[in-house]
Amino acid sequence: MAENILEMHTITKEFPGVKALDNVTFQVEKGEIHCLVGENGAGKSTLMKVLSGVYPYGEYDGDIVLNGKVQQFNTINDSENAGIAIIYQELALFPDLPVYENIYIGNEVKNKGIINWNQTIIKSIDMLKKVNLKVKPETLIKDLGVGKQQLVEIAKALSKNVQLLILDEPTAALNEDDSENLLNLIKALKTQGITCIMITHKLKEVVTIADKATVIRDGQTICTLDAKKGEVNERTIIKNMVGRELNDIYPKRPEKKIGETVLELQDWSAYDQQLGRHVVKKADISLRKGEIIGLAGLMGSGRTELALSMFGNPKNYKIKGTLLLNNKATHFKHTSDAIKEGLAYVTEDRKGKGLFLTQNITTNITAANLNGISSNGILNMNEEVTVAERYKDSINIKSSSINQLVGKLSGGNQQKVSISKWLFVSPDILILDEPTRGIDVGAKFEIYTVMNELISRGMSIIMISSELGEVLGMSDRIYVMAEGEIKGEITSDEADQEKIMELATQ
Amino acid sequence: MRIVNEAKALIKENIRDYGMFIALFVIMITFNVLTNGMFMSSRNISNLLDSAGYIAVLAVGMTLVIVIRHIDLSVGYIAGFLGAVAAILLMQQGWSVFLVIPVILLLGMVIGLFNGLLIAQLGIPAFVATLAGMLIFRGALLQVTAGTGTIIVQNTFFNAIGNGFIPSVMEINSLHLTTLLIGLITILFFVYGEIKTRIDRIKYTFEVVSVPIFVLKLVFISFIIGYITYILAGYNGFSWTVIIVLVVTMIYHFITSKTVLGRQIYAVGSNPEAAHLSGINVKKVTYMVMGSMSMLAALSGIMYTARLQSATTTAGMLFELDAIAAAYVGGVSSAGGVGKVTGAIIGAIVMASLTNGMNLMGVGISYQYMIRGGVLAGAVIFDVITRKRGK
């Protein structure tokens, strides 16, 4: 048996109220390619952050053993010095600096504190050769495509004499050619003795490249599969990824009264001009009155982008395709048009994009429908307070008063304020983006109950969710997205976790 | 005891709102003691308020600009330039004052909308866009006054804006009657408004403060309004400057606290992305705020020209920084979304009081700048600390 370069023993990491990692054991043999797979929130990224020193020694329990020695990393620098390099999904490059400066940033080639730029360029040419990237070192990062930027990141890691390279979803933003290139490079690095841990959602990649694959679920190691024993195949991985018992309880649906189609997207594509790629590709979906459709998929699969592109397009995507609202082709110029036509969108990022944290509950609830509490542009403050009190009671927002600042509420209550804001708009179509992320079980149940109440009143709901249990428990139909495409549509009767995960990991 | 506790709780909860009133109160009392009562004399208070007027209207607009997370450095020289244009139109072109004022205000608004175009539409940082404006209008001011130098304005009606007082029907015990009447009416309106709000809130079964505290508040604020009125009535009564500032404050206070537009301004300042997703047109709000800012700069220019009875080549210099300082002393937060126009007015009066008081005491100009800088820093530190404690 070859020696292990890395052993992580009984790692436990707790956040306030949540156990993100629970006794995780993870072993990587020297010179292998080891894939780490699991659902969103399973704990993969947390584990890598523990390993790389983002969460310093002492903030977690358990041992990290690297090359037979117990390590105590306090900062990322410590782990880098020990030969670990981590490359995140969002690249940490400086777009306006040239390739060579990016490779050697923080690790400058210097003599008595003075940088030797010529030497830097010569060395960077070597590094670029190692990653098989044919660009001039003087090229600015922003002039490179995402695939090549990724290679620069790897070159940067190699320049630090890395032994253990960690890649967090390296191919998520890449097209097929670039992905293949990258996978080939990782194989080539393997022959040079570099060990690689790769987090990925694409199981096909796992099957092609991995020597071993470890599945993590709900903060626990489920199993480690060995390719030599023929264990690394999609079916086995999926079975282990989703084998979770569905503990959450979902409220009983009232009698279903599903009506006409209210919203339809046909051949709907959205091109992100900043990222320079399509975030939604030729999507077709439909939504009927009184229906909840689940939009499942892993992170970065284009679900939020799909929702935003139909909700007045605040990100200025270039859009192709048709949006039919009650069978009429419609085009929204601004979010306010979408709201006027009966759409509402509760964002996944309630603190960043949903709430006005410096303002109180009242102002937050009425912010999207100021016309509802005013006449001729003049507010009726008493009416406003009545509205806020009504939602505080009916949605059960727990706070000392409606004058409390929203920034001081708990996550669950903030989410309730966020939902109340959109209910006050009285929409026909409610888009909920990760409606229960980061909130406790009690609040979750309350939100599910509200959703059922709404559809029994004839509202239609699109629910974007990474929690398979929630998707299965609440939806009438489920669309699964991956890489910006709708990979499949499943009715709730035939849906199960394996089927969804199979489509989501394509 | 219950009343005292309630009062304490109220002050604690609203320390940010009451803080600068308390600061102003302390500053005024201190100067009054140090100058043996000269500071609070009728003549000096009247003078002080007039000298604060053209900065106060700028501070009102600047507060909203800072609330939506921008800044406007161009307002000083816009005021200077448009003040000079007003003088030219009046004296050299012979326009009627009733035409000149609306035209200048309109010009100001157009300039502001252009700033809005640069900031909202083209995405140029407000600091840079308005810095360019500052240079351009400085040059423009020099250009229009190049041939003549200082332009003397000989229009009594126009000059009254900066120097005149409202007419008095008659005097009682050498007190200005119209002023007393306006003061009395203001008090009555205030008391009526407060009582009506209270009755409304009780009707909706909302929480209200206890009766003794309510009465105490009514008496206290009525007393302050009454006292200021009394002081001013002892000299020449309300000046037109004070009236203009009051009207501007009332309009802006109403817009920010009671209208949809006001809500949208604070929403954009608090979280622009959330505002956009809530269907608020962020660009439109930016246009409105920048347009209103430069319109107020035009008003400030008119007031300054009228006050000096002439347009000078250096008019408007550093007005923008005085306005920004007044806004910050008045409690606006650079993080966006927080700040009141009433605060800006108090801020402007605080800064003017410092200058005025120190002048009376004969403090050297070098110390004056340092002390005013210290007060500005103190105000912002106070803001940051109270906000942290709030969390």
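This report describes salt bridges in a predicted model.

## Overall count

Side chains of opposite charge can pair when their charged atoms come close. Over all chains, the count of salt bridges comes to 23. Three of them are described below.

## Glu483(A) and Lys202(A)

Glu483(A) and Lys202(A) form a salt bridge in which the closest N and O atoms are 3.0 Å apart. The two residues come from distant parts of the chain, 281 residues apart. Glu483(A) sits in the loop between β23 (477–482) and β24 (485–491), while Lys202(A) sits in the loop between β10 (195–199) and α7 (203–209).

Glu483(A) has a relative accessibility of 32%, so it counts as partly exposed. Lys202(A) is buried, because its relative accessible area of 14% is under the 20% limit.

## Glu291(A) and Arg477(A)

In the salt bridge between Glu291(A) and Arg477(A), the closest N and O atoms are 2.8 Å apart. Glu291(A) lies in the loop between β14 (277–288) and β15 (292–297) and Arg477(A) in strand β23, so the pair ties together parts that are 186 residues apart in sequence.

Glu291(A) is buried, with a relative accessible area of 0%. Arg477(A) also counts as buried, at 7% relative accessibility. Salt bridges that share partners join Arg288(A), Glu291(A), Arg477(A) and Glu489(A) into one network.

## Glu348(A) and Arg437(A)

Glu348(A) forms a salt bridge with Arg437(A), with 3.6 Å between the closest N and O atoms. This pair links distant parts of the chain, 89 residues apart. Glu348(A) is in the loop between β18 (343–346) and α11 (350–354), and Arg437(A) is in the loop between β21 (429–433) and α15 (441–456).

Glu348(A) is partly exposed, with a relative accessible area of 27%. Arg437(A), at 33% relative accessibility, counts as partly exposed.

Note on methods: Residues are numbered from 1 along each chain as its sequence is written. Chains are lettered from A and ligands numbered from 1 in the order in which they are written. This is a predicted model: local features need pLDDT of at least 70, side-chain atom pairs count only at pLDDT 80 or more; totals for chains, interfaces and linings use all residues. Side-chain values use heavy atoms; hydrogens and water are left out. A salt bridge is a side-chain nitrogen of Lys or Arg within 4 Å of a carboxyl oxygen of Asp or Glu. Helices (H or I, at least four residues) and strands (E, at least two) are DSSP runs, numbered from the N terminus. Buried means under 20% relative accessible area, exposed over 50%, partly exposed in between (1.4 Å probe, protein chains only).
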